[in-house]
Each structure stands twice: as C-alpha cells, then as structure tokens.
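Please read the points below alongside the sequence and the model.

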Amino acid sequence: MSNQGMGTRCVQAGYTPGNGEPRQIPIIQSTTFKYDTSEDMGKLFDLEASGYFYTRLQNPTNDAVAAKIAALEGGTAAMLTSSGQAANFFALFNICECGSHIVASSSIYGGTFNLIEVTMKKMGIDVTFVSPDASEDELNAAFQDNTRAMFGETIANPALTVLDIEKFAKVAHAHGVPLIVDNTFPTPVNCRPIQWGADIVTHSTTKYMDGHGAAVGGCIVDSGNFDWMAHADKFPGLCTPDDSYHGITYAEKFGKEGAFITKATAQLMRDFGCIQSPQNAFLLNLGLESLHVRMPRHVENGLAVAEFLEKQPEVKKVNYPGLKSDKYYEIAKKYMPNGGCGVVSFELKGGRKAAEEFMGKLRLGAIETHVADARTCCLNPATSTHRQMSDQQLEAAGIPAGLIRISCGLEDKEDLIADIAQALK
Ligand SMILES: *Cc1c(COP(=O)(O)O)cnc(C)c1O
C-alpha cells in the first residue's frame, strides 16, 4: 500500500473483500459480538487476541475506515472518534494527566482553544500558547519539566496561518515530547505532517474528508515514530503497567507502532465512549473515496475567489496561503505544493456591520457554522464559533471581529465570483 498513489489509497485502502464478500465496506450495525466460549471472550478483554466485543470500544466498519486514513497519512495505526473535538481531546489526554502541561499554537480552531484553555485546565492540565510564527528560542522557552505534548494546526481554522511543522517537531523532540498536528484543512491529499516530523495527526473528518456535510466525526493517526520508552518517565500511562487492564504495559506489548492507539482505545474509548457510529463511518468512507478528486477543485475555487477579493476596493485584507501576497505563501509552498484548501478569510473595510450585510446578500454562499464541504458557505467567527473569546484573544488568534470566513465549495468558480461581486455591491 505504501507505494500506491493517493488516489488509489483514497479508493481502495483499508478494506479488501474476500471471495463473494461485499464490495463496499459493510455497515456492522451491531452493538455486540457473539463468542462460543468465555475463554475466547476473555482473551479479547485481556488484549491477548484482537477482535470485537462491544461497539463502544471498537467496530469493524470504523476500523476499516480508520485503516484507510492511516494509509493516507502514512501512519501505523488509527482510530475514529465521534467528532474532531473528541479526537483532539483523546490525542492530548492519552498522554497528559493532572499536573501535565501542553504547549499549543495560539492559532487554532475555537473549539480546540476552549478545550485546552478552559476544560482541560479544570482537569489540572496547564497550557502555554505560542504564536505559530514564534522563533525556535521562543518555542523552547514555553516548555516546562511537566510538558507532555506540543499541538498545532497545519492550516489554522479560521486564521489560515500555516504551521512550520519541521520547526515545531524539532523543538518538541528536543524536549522529549510528541508533536500533535490537526491536519483537518489540507487533508492528507495536500499535506502529510508525518513526513515533516509530526508524531500524531488528528482530524475533524466532519470537514473535507466527509466533504458533503453528512456526518460529524474525528480521527487520530499515530505515526509509530515516537519512542515512548525512551522518555518513559514522562509517559507512565504508556510505559508502566495499566492496573485497569490487567497490568499491560502498552509501549512494551504493542511497541512504538501500536501503543498510542491501543491505549486510547482500551482506556479512553472504554471510559469516555466517544465512538463514531458505524453509519457515520460508512458515510465518511464515501467521502474519502473522492477526496483526491475534490481537494484540487476546492483549492482552484479558493484561489480564484481569493485573487478576486484581493482586487476589490471594499476589501481591507485577504488571508489565503495560496496568494503570493500572503504572509504564509512561502511556507505553504513548502508543505503544500499543490495548494492547501478552499477556505479563504477576508476583512471588509466596513467592519462587523459590513460583514453581516455582505453575508446576508450572498445567494450561493449560505451562512453556516461549517466549513469544508461541497457547498460554499460563510461565517463571521466573532459572532459564532469564536464568540466565547474576548476581543483580545481574537486579536491574538488573528481573527479580527469583522473577519468573514468563506469556504469555497465545488461549484463553478465563475458563479462563486459573480455571487460575491453582487453581494459586495
Ligand atoms: C471543526 C474542527 C474541529 C472540531 O471538529 P468537530 O468534528 O466539529 O468536533 C477541530 N479542528 C479543526 C481544525 C476543525 O476545523
């Protein structure tokens, strides 16, 4: 599989039917699984044998789709979660506990910011936010003895800053902790963070992967590269016996390649139960089958809209890493030579009021709390997704109150531009 192209993997990875078996991944719509003997079942509970016993932990439909995403990202193991929020929470909480500390880019999705800044703090997990543009020295200075993870987004939603993955990975590794990268916006079609040193990759599959606004979901992929045992003092959850699982030491029993996802499944899925429904995993797979065909069109439309907006007198500023004038153009070229995504953000000269008027006049672009699907949509983050953030926090995250995020769908770019032109007038 590793030699195959992205398109082949999008279509075929993760599931190979046997003779006479269903061509499409079957939806295993069953909460539970039957065994002949208690001994068979016991082996599953002890993680001595692999198999299924209860869909709160694992389901075959989900596993086939997760295996496809692992193949796309170039990872060794993956799991689906009920949402992108659950994926980021699990990825962090799998290695952090009360008393731990996280270094995170300040330019991240509002929901993730809130998760780390508010909710995880209540669990005794502290955070230091850093600018995605911070120098190596500044990044180093954010680390503490109790730091257990570094976190950022490849292309941040909605600020559209681009993470210097190599730089962040280098600093994280110098401090003996993994780099977790949320790769939702570019998807593995446009960027594979593991190639640049990321250890764990997360996704809100709700976005481009599903691509049709049909199913909320998330995914965690492990690169299999981080050597937990080499930093055993930092990661007791992976490197010492788990009393809640018959004394298994995940990093010993499942190695670098399997420990992280096995622990997240056996402990976190068991205890939190944020499983993706097999129905949603099936819908997600339909999206994945055309991801490599859709992403270039999203990029084409995003670039055309960004170039148009940049020339309009009503527009103060356009953010799109594919624009030559964009601060992140060079770094985006390095990590995403084929373009990043279809999301563009821009500020109207008339501020918040002009933004509201403009959005109300769009005919194709609907006002939605969503991005990254087949239909163009738009949003004013300050009054919706990011309304829990103060104006100061909004500025720090690069999201002025008058910013509009427009997610270019798969329509014809000429129609999108005509729609934006009439709304601007
Ligand atoms: C939407 C989003 C999330 C949260 O995902 P849900 O599926 O909505 O829970 C996390 N990270 C990024 C970058 C997102 O765009």
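1. In this predicted model, 5 strands form an open sheet with mixed pairing, in the order β8-β9-β12-β11-β10, where strands are DSSP runs (E, at least two residues) and helices are runs of H or I of at least four residues, numbered from the N terminus. Two strands pair if DSSP finds at least two bridges between them. At the edges lie β8 (315-319) and β10 (366-367), each of which pairs on one side only.

2. Strand β8 runs antiparallel to β9 (residues 343-348), and 4 bridges join them; V315 has L348 in β9 as its bridge partner.

3. Helix α15 (residues 351-361) packs on this sheet and touches β9, β10, β11 (377-379) and β12 (403-407), contact meaning heavy atoms within 4.5 Å. The direction of α15 makes about 130° with that of β9, with axes fitted to C-alpha atoms, for helices over the stretch in contact, and angles running from 0 to 180 degrees between N-to-C directions.

4. The structure holds 0 disulfides, a disulfide being a pair of cysteine sulfur atoms within 2.5 Å. For C191, the nearest cysteine sulfur is that of C341, 11 Å away, and C191 is buried at a relative accessible area of 1% (buried is under 20%, exposed over 50%, partly exposed in between, with a 1.4 Å probe and protein chains only). For C378, the nearest cysteine sulfur is that of C377, 7.1 Å away, and C378 is buried, also with a relative accessible area of 1%.

5. On conventions, residues are numbered from 1 along each chain as its sequence is written, and side-chain values use heavy atoms, leaving out hydrogens and water. Local features need pLDDT of at least 70 and side-chain atom pairs count only at pLDDT 80 or more, whereas totals for chains, interfaces and linings use all residues.
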